[in-house]
Amino acid sequence: MSGATTGAEGGPAPGPVAALRRIAFLLERAREDTYKIKAFRSAAATVLPMSPDELAAAVTGATLTDLPGIGASSARVITDAWHGRVPERLARLEAEHAGPLVPGGRELRAALRGDLHSHSDWSDGGSPLEEMAFTALELGHDYLVLTDHSPRLTVAHGLSAERLARQLDVVDAVNDHLAAGGESGFRLLKGIEVDILDDGSLDQSEEMLSRLDVRVASVHSKLAMEPEPMTRRMVAAVAQPWTNVLGHCTGRLVTGNRGTRPGSRFDARAVFEACLEHDVAVEINSRPERRDPPTKLLELARDVGCLFSIDSDAHAPGQLDMLDHGCERAELAGIPAERIVNTWPVERLVSWADPGASSG
Ligand SMILES: [Zn+2]
Ligand SMILES: [Zn+2]
């Protein structure tokens, strides 16, 4: 498995599964309607386990649309790819959407080795965790940290300690599978996006937090708290020994179909100084609807001397590429690559994130 083509067929054109996955990836990257994207991903899931004979019979007999999850446009893609042609839909998307998402930050983007914030369908993401992992690998990452939500975020199907423990077994299985397939070195790391509770404590047991590689702590509730208690809450969360990254610190939404909302108000200097003191990275959340922290706060965190983590916060495989946006913002703010933890080798990152290890 290399590059973006992972289908069964060789040659210049991708096979049917690779073509469908690539179309879904490019649509997600372009932030297209999720319903349309789901159609291509479910078609890929239907084709994947079919034998070559079964697929040939369905293509030549024009019965693809009788199969579950395959509609007319997916069937056209499969048919073209099966015949060794680049599907027209795919060619169009490659031409329109495959380039860098933004002009800036290219050097920094090339220096990133992984991503510390991503979601699967175990919480509110749209794809299985293995699909997230395979896509991260295809993007050239050395690692992806899977950070599904914590229990109290019920709207996002936050994981109880029991479900998180089961997820960790699945992560082990995916890593074993990748290692057995000779996928040199890529690792799906264990993580969480843990809710910061009202008093600044974290919404998961110590026992489970201790079993993870990386923990992103974020505020998702009572964003409109008064500045003083919000500052206390965030400083307390940053001071927790398990916290590694402060996620989307203001919680603002600046655009997008979830509407907009102003950021939380807090003493940003106090919070960033706590991050510096406790060796917690300030997240540069790459989602265009967040652009969090806002530029003024980003520059303040830079001046305070904080570490940063440029995260995609991807809820679908194609959104893993959102890192482009965060890299452009970090470059504009003049943040040195050395202070961005996901430019570090994975061993250094994991050791930095482990409160039991000496910091690297
Ligand atoms: Zn979040
Ligand atoms: Zn998130």
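Is Asp313 buried or exposed? Hold that thought, everyone, and we will come back to it.

First, some ground rules. What we have here is a predicted model, where local features need pLDDT of at least 70, side-chain atom pairs count only at pLDDT 80 or more, and totals for chains, interfaces and linings use all residues. Residues are numbered from 1 along each chain as its sequence is written, while chains are lettered from A and ligands numbered from 1 in the order in which they are written.

Let's start with the overall picture. The protein chain has 14 helices and seven strands; these are DSSP runs numbered from the N terminus, with helices (H or I) of at least four residues and strands (E) of at least two. Along the principal axes, the C-alpha atoms fill a box of roughly 70 × 40 × 35 Å. The radius of gyration is taken over C-alpha atoms, and the globule rule is 2.2 Å times the number of residues to the power 0.38. For 360 residues, a compact globule would come out near 21 Å, and the protein chain has 21 Å, so the two agree.

Now, what do we mean by buried? A residue is buried if 20 or more other C-beta atoms lie within 10 Å of its own, exposed if 12 or fewer, and partly exposed in between, with C-beta atoms placed from the backbone. By that count, 48% of the 360 residues are buried. Two residues are in contact if their C-beta atoms, again placed from the backbone, lie within 7 Å. Among contacts with a separation of 6 or more, 71% join residues 24 or more positions apart.

Next, the domains, whose bounds come from an automatic or database domain assignment. The chain is divided into domain 1 (16-97) and domain 2 (106-353), and their C-alpha centres lie 32 Å apart. Where they touch, eight residues come from domain 1 and eight residues from domain 2. On the domain 1 side, helix H1 (16-29) and helix H2 (34-47) are the elements that give two or more residues, and H1 has the largest share, with six residues. That side divides into four nonpolar, one polar and three charged residues. For this count, Ala, Val, Leu, Ile, Met, Phe, Trp, Tyr, Cys and Pro are nonpolar, Asp, Glu, Lys and Arg are charged, and the others, Gly among them, are polar.

The expected span of a helix is 1.5 Å times one less than its number of residues. H2, with 14 residues, should span 20 Å, and its end C-alpha atoms are 20 Å apart, which agrees. Its buried residues include Ile37, Phe40 and Val47, and the buried residues of H2 pack against H1, H3 and H4. In helix H4 (residues 72-82), the buried residues include Val77, Ile78 and Trp82. The buried residues of H4 pack against H1, H2, helix H3 (52-60) and helix H5 (88-97). Just after H4, Gly84 takes a positive phi of about 85°.

On to the cores. A nonpolar core is a set of buried Ala, Val, Leu, Ile, Met, Phe, Trp, Tyr and Cys residues joined through C-beta atoms within 7 Å. The largest has 69 residues, and those with the most contacts inside it are Leu144, Met234, Val238, Val271, Cys275, Val282 and Phe308. Helix H7 (residues 129-138) gives the largest share of this core, six residues. Apart from it lies another core, of 25 residues, among them Ala13, Ala18, Leu27 and Leu64.

Finally, a few loops. Ser286 lies between strand E6 (281-285) and helix H12 (295-304), and Ser286 counts as buried because it has 29 C-beta neighbours inside 10 Å. Leaving aside neighbours within four places in sequence, its contacts include Ile310, Asp313 and His325. Pro293 is found in that loop between E6 and H12 too, and the peptide bond from Asp292 to Pro293 is cis, with omega near 0°.

Asp279 has a positive phi of about 60° although it is not a glycine. Asp279 sits in the loop between helix H11 (268-277) and E6, and counts as partly exposed because it has 16 C-beta neighbours inside 10 Å.

And that brings us back to Asp313, in the loop between strand E7 (307-311) and helix H13 (323-332). Asp313 has a positive phi of about 55° although it is not a glycine. As for my opening question, Asp313 is buried, because 26 other C-beta atoms lie within 10 Å.
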